[in-house]
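Thank you all for making the time this morning. I would like to walk you through one model, and I ask that you keep the sequence and the structure in view while I talk.

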Amino acid sequence: MSFTGNVKEAAGFVKEETGEKLKNPKMAQEGRNLRNEGRIEDGKAPKLTKPGTTDKK
């Protein structure tokens, strides 16, 4: 796990959630992209669902 990967994932999560709350799909997508960039740096699989959806079943 890299420090920068963790920071990118956390910042992306915050931006994605903020975009969802403000009903701003562009901001949510930018957050998801940043979050995925951090996940990939840490060797995790990217989240492929649309921002604003949950992949929990």
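Helices and strands here are DSSP runs, with at least four residues of H or I for a helix and at least two of E for a strand, numbered from the N terminus. On that basis this chain, which is a predicted model, has two helices and zero strands. Buried residues account for 25% of its 57 residues, and its accessible surface comes to about 4100 Å², with 60% of that belonging to carbon and sulfur atoms.

Let me turn to the helix pair. How do the axes of H1 and H2 cross? Helix H1 covers residues 3-21 and helix H2 residues 25-41, and their axes come within 7 Å and cross at roughly 160°. Because angles over 145 degrees count as roughly antiparallel, H1 is roughly antiparallel to H2. The crossing of the two, H1 and H2, is left-handed. Among the residues that make the contact are Lys8, Phe13 and Glu16 of H1, together with Met27, Leu34 and Arg35 of H2. Sorted by class, this contact of H1 with H2 has eleven charged residues, seven polar and five nonpolar.

Is Asn36 buried or exposed? Its relative accessible area is 12%, so Asn36 is buried, the cut-off being under 20%. If we set aside its neighbours within four places in sequence, Asn36 is in contact with Pro46 and Lys47.

Finally, for the chain as a whole, among contacts between residues at least 6 apart in sequence, 40% join residues at least 24 apart.

Note on methods: Residues numbered from 1 in each chain as written. Predicted model: local features only at pLDDT ≥ 70, side-chain atom pairs only at ≥ 80, totals over all residues. Heavy atoms only, no water. Axes fitted to C-alpha atoms, helices over the stretch in contact; angles between N-to-C directions. Parallel < 35°, antiparallel > 145°, perpendicular 65-115°, else oblique. Left-handed = near helix turned anticlockwise from the far one by under 90°. Contact = heavy atoms within 4.5 Å. Nonpolar A, V, L, I, M, F, W, Y, C, P; charged D, E, K, R; others polar. Buried < 20%, exposed > 50% of the residue type's maximum accessible area, 1.4 Å probe, protein only. Areas by Shrake-Rupley, 256 points an atom, 1.4 Å probe, with all protein chains shown as cover.
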